[in-house]
Amino acid sequence: MMDVAQFLKRFHFSEDITDVFSNGCCYWFAKILYDRFALTHGATIMYDEVINHFGTKINGRVYDITGDVTFKYEWKPWSEVDDELLRARIIRDCIMF
């Protein structure tokens, strides 16, 4: 079975891929990780409200396109972001852009 590090390596065939998934499309990379690992590893989409960045928690660690970012941000599950105005703005500007 492929682990997260092996899966992440598959995305780094383009020089600008880190920029794409770090600047505006981080939710979509979090969703890719979630879809790939949710059934086998219990993944959760995570969010940092201050930095406005998404990651995915897999086996107790949080990942984005750059790798393990568990301690780089102040993560909380996206499902627990209860500020409806913030959620609406993030959905409008970052998810459904």
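**Contacts, cores and overall form**

Among contacts in the protein chain of this predicted model between residues at least 6 apart in sequence, 51% join residues at least 24 apart.

Biologist: What secondary structure does the protein chain come to?
Modeller: The protein chain has four helices and five strands. Starting at the N terminus, the order of the elements is α-α-α-β-β-β-β-β-α.

Biologist: And how compact is the protein chain?
Modeller: Its radius of gyration is 13 Å, close to the 13 Å that the globule rule gives for 97 residues, so the protein chain is as compact as a globular protein of that length. The C-alpha trace spans about 40 × 30 × 25 Å along its principal axes.

Biologist: Turning to the interior, what percentage of the residues is buried?
Modeller: Of the 97 residues in the protein chain, 41% are buried.

Biologist: Which residues of the largest nonpolar core touch the most other members?
Modeller: Those are Leu33, Phe37 and Ile58, in a core of 13 residues. At least two residues of this core come from each of helix H1 (4–9), helix H2 (17–22) and helix H3 (26–41). Another core, of 12 residues, lies apart from it; Cys26, Ala30, Cys94 and Ile95 are among its members.

Biologist: What does Ile58 touch, leaving out residues up to four places away in sequence?
Modeller: Ile58 touches Val4, Leu33, Phe37, His41, Ala43 and Tyr63.

Notes: Residues numbered from 1 in each chain as written. Predicted model: local features only at pLDDT ≥ 70, side-chain atom pairs only at ≥ 80, totals over all residues. Heavy atoms only, no water. Core = buried A, V, L, I, M, F, W, Y, C linked by side-chain atoms within 4.5 Å. Buried < 20%, exposed > 50% of the residue type's maximum accessible area, 1.4 Å probe, protein only. Contact = heavy atoms within 4.5 Å. Rg over C-alpha atoms; globule rule 2.2 N^0.38 Å.
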